[in-house]
Amino acid sequence: PAAASTAPDLPEPSHAIAAPEAGPVWGPGWVWLTGTLLLFSRTLAARLRLAWKCRTTASTAAPDAETQAHIDDLRTQLGLGPIRTRVWPGLQGPIVFGVLRPTLVIPAEFRSRFTAEQRRAVLAHELSHLAASDPAWLAIAQGITAVL
């Protein structure tokens, strides 16, 4: 019984291998953070540029009476609240933007470039973006893209 309790002597290793010190790895985190900040900055710059250009280039003058009537009719049908409308010389077609202050911008040549039926269809298309909250969804998607 005494011999069973004795453990055999194991030889000591001739040289021990030291484990490297484990420390935080910051490189990938910095790369991710830099990319995120760049994408957020790009998105913010684009939004600020659009807002600035709308203030400096677009006119606050209302569109012609027929176009405004189309806008009001479509806005009511789609259940939208108040919408800022701007006229922008040189713009190729109408655009909408704005999460907090929805804005519709139409070209100065809108009435002369499109027929009444085309104008109504284009305005319905643009206002449907606001009804579907597309500017908000776009902002969310751009934020998620930047983070990922």
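A patch is made of residues with over 30% relative accessible area and no salt bridge, where like charges are joined within 9 Å and nonpolar side chains (Val, Leu, Ile, Met, Phe, Trp, Tyr) within 5 Å. A salt bridge is a side-chain nitrogen of Lys or Arg within 4 Å of a carboxyl oxygen of Asp or Glu.

I am working on a predicted model, where local features need pLDDT of at least 70, side-chain atom pairs count only at pLDDT 80 or more, and totals for chains, interfaces and linings use all residues. Residues are numbered from 1 along each chain as its sequence is written, and side-chain values use heavy atoms, without hydrogens and water.

**Patch.** I looked up a nonpolar surface patch of about 1,300 Å² (Shrake-Rupley method, 1.4 Å probe). Its residues include W26, W30, L37, W137 and L148. The elements that give it two or more residues are α1 and α5. Helix α1 supplies the largest share, five residues.

**L37.** I found L37 in helix α1.

**Helix α5.** Next I checked residues 134–147, helix α5 (a DSSP run of H or I, at least four residues). At 1.5 Å a residue, its 14 residues should span 20 Å, and its end C-alpha atoms are 20 Å apart, which agrees. I listed its buried residues: P135, G143 and A146.

Key
Expected span 1.5 Å × (residues − 1). Buried < 20%, exposed > 50% of the residue type's maximum accessible area, 1.4 Å probe, protein only.
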